Amino acid sequence: MRPIDWLVLAGTLFLIVAYGVWKTRGVKSAEAYLRGGSDMKWFTIGLSVMATQASAITFLSTPGQAYEDGMGFVQFYFGVPLAMVILSATIVPIYYRLRVYTAYEYLEGRFDQKTRQLTGFLFLIQRGLGAGLSIYAPAIIVSTVFGWPVQATNLAIGALVILYTVSGGTRAVSQTQTYQMAVILGGMVLAFVFIFHQLPEHMSFGDALGVAGALGKMKVVDFSPRFDTRYTFWAGLTGGLFLQLAYFGTDQSQVQRYLTGSSLGESRLGLLMNGLVKVPMQFFILLVGLTVLVFYQFHEPPVFFNRAELELVRKTPQAAELAALETAHAEAFREKRQHVEALLAARAEARPETAARQGVTAAAARVAAVRKDVKALVRRAHPGHEPNDADYIFITFVTQHFPEGLVGLLMAVIFCAAMSSSASALNALGSTTVVDFYRRSVRPAASDAHYLRAAKLFTVLWGALAVLFATFASLVDNLIQAVNIIGSIFYGPTLGVFLVGFFLKRVGGTAVFWATVVSQGLVIVVARVSSIGYLWYNVIGCAAVVVLGIGLSWVLGEGGRRRPA
Amino acid sequence: MASENPPSGPPSSIEEGPPFFRSWSGAYLFVLVNLAVVIAIFAWLSWVYR
């Protein structure tokens, strides 16, 4: 990073954090702190909801995902628009009617205190882990690339987030997210324009997609009905729908965002805006990665994108083997480039492309085989080290090819994304701890000022815990995957509790409580022993709670709900 | 801090209509049709650049 990059990064972060603290300096009540004053408009809610879901991992990993596996990851988001419509029509009006602070408050009215606190507890576990990982994952990647101390990066992200989240609560989180999203989207558009201009002059957008297609990366939609394929049309619409329903409907970090609306209509519109924009936005981020892939068809990429890891291998007895693989990679790359240029010539002259495409496919397979050997070498040289370099692809491109200033802006994008998602998480963790546990079971009749202080204190504590967890997160393998899997393990049973609450009026609290405990155990066992794609955990957990809830309710002779919703 | 689950709703009525559509059903339909169109475009791209 050069001085101008530091200036852009520090200036952007300082302005956003200072704005958040200044704009929300008048928060004096627990109501304003926890619900943000209930005066947000749909546009702010929509951006806030999007910023909460889009973590730094989204912007580091997604382009790398397109580079490695193509555009199919977008199917993961097909459930979002459906979930937004279902939630707007069903759950959101109920939250508004009951005027709850947290999603879990509803469950005490419908079932009992133990069910409310069980789901609140499951949320605290998974979101607490998630908050730590959402700080650590970008910190480890940018620290590795720039040679920064990872603990200092963890601390910097954590301290900035804690500062404005504790200062202004929910309102500060939503207000800053509006500007963070502007930086994120603006930065990604600029990145795309810049990368596209680095492609050969004669190359059109259609040519770029044609090259990506020849490399097998343009299978955007996969209709094959396979359970062991992670991203398909069907997995996106079913497993993805359950995950999104659970995430947006029952995860307090999202519920808290849209409960800031000045009316039910504003909240609904904010969610529908997310439903309209989310899939095209993710497609665009994948497209950035695809453009990087096309760029690297004309410029030789590193054989392995985590350069720090590669340098470690060079200091081991496997260094000679690595050098041989790098030579093989360079030869395979040159051969591939010739076939890609032949393909482009065939396209330009409207000649048949079959032979050139076959050449591209064969050469790409050789490059992939060399990369696979390098990953195996990394694993062999340092057992336990992460041989997956997909998360380093985009940031490597940024640092090596972006001009001064744009590198700083892209770093600001990554930091903004890390801060926006972890701020929502800390805000929700503090709120749930105060509303569902402290006020409910420890101090039920304290003053408003007391609850405000408690909410701030718990937010600081959760922030400190997240930074502490981030400090020790290197013990966890494959961080990026861990974030998604942790969510999917806990969301299914939680969604099941809410669905039983809304639609199965004869199932009571004790039945659904034990159904949740058993189903949660079942999902953990399935996650450990089976090879089922993680999106299906959401369906399994949810279905298990519903089926067991009905069964136990019948066995226990328990029926009726305590309060109509 | 307000008591738990007070019966009163938010400041404005929960029965209000959407600002850009005749009804909420219309707004929901718009989002779903948009998804169908986006998936159709993706399927077309997959076929053209297969």
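The model is predicted, so local features need pLDDT of at least 70 and side-chain atom pairs pLDDT 80 or more, while totals for chains, interfaces and linings use all residues. Residues are numbered from 1 along each chain as written, with chains lettered from A and ligands numbered from 1 in the order written.

Take α4(A) (residues 56-69) and α14(A) (residues 264-295) to begin with: their axes come within 7 Å and cross at roughly 55°. Helices here are DSSP runs (H or I, at least four residues), numbered from the N terminus, and axes are lines fitted to C-alpha atoms over the stretch in contact, with angles from 0 to 180 degrees between N-to-C directions. The pair is therefore oblique, the label left over once angles under 35 degrees (roughly parallel), over 145 (roughly antiparallel) and 65 to 115 (roughly perpendicular) are taken out. Residues of α4(A) including F59(A) and Y67(A) meet residues of α14(A) including L286(A) and L293(A), where contact means C-beta atoms, placed from the backbone, within 7 Å.

α10(A) (residues 205-214) also packs on α14(A), at about 80° with axes 10 Å apart, which makes the two roughly perpendicular.

How values were computed: Contact = placed C-beta atoms within 7 Å.
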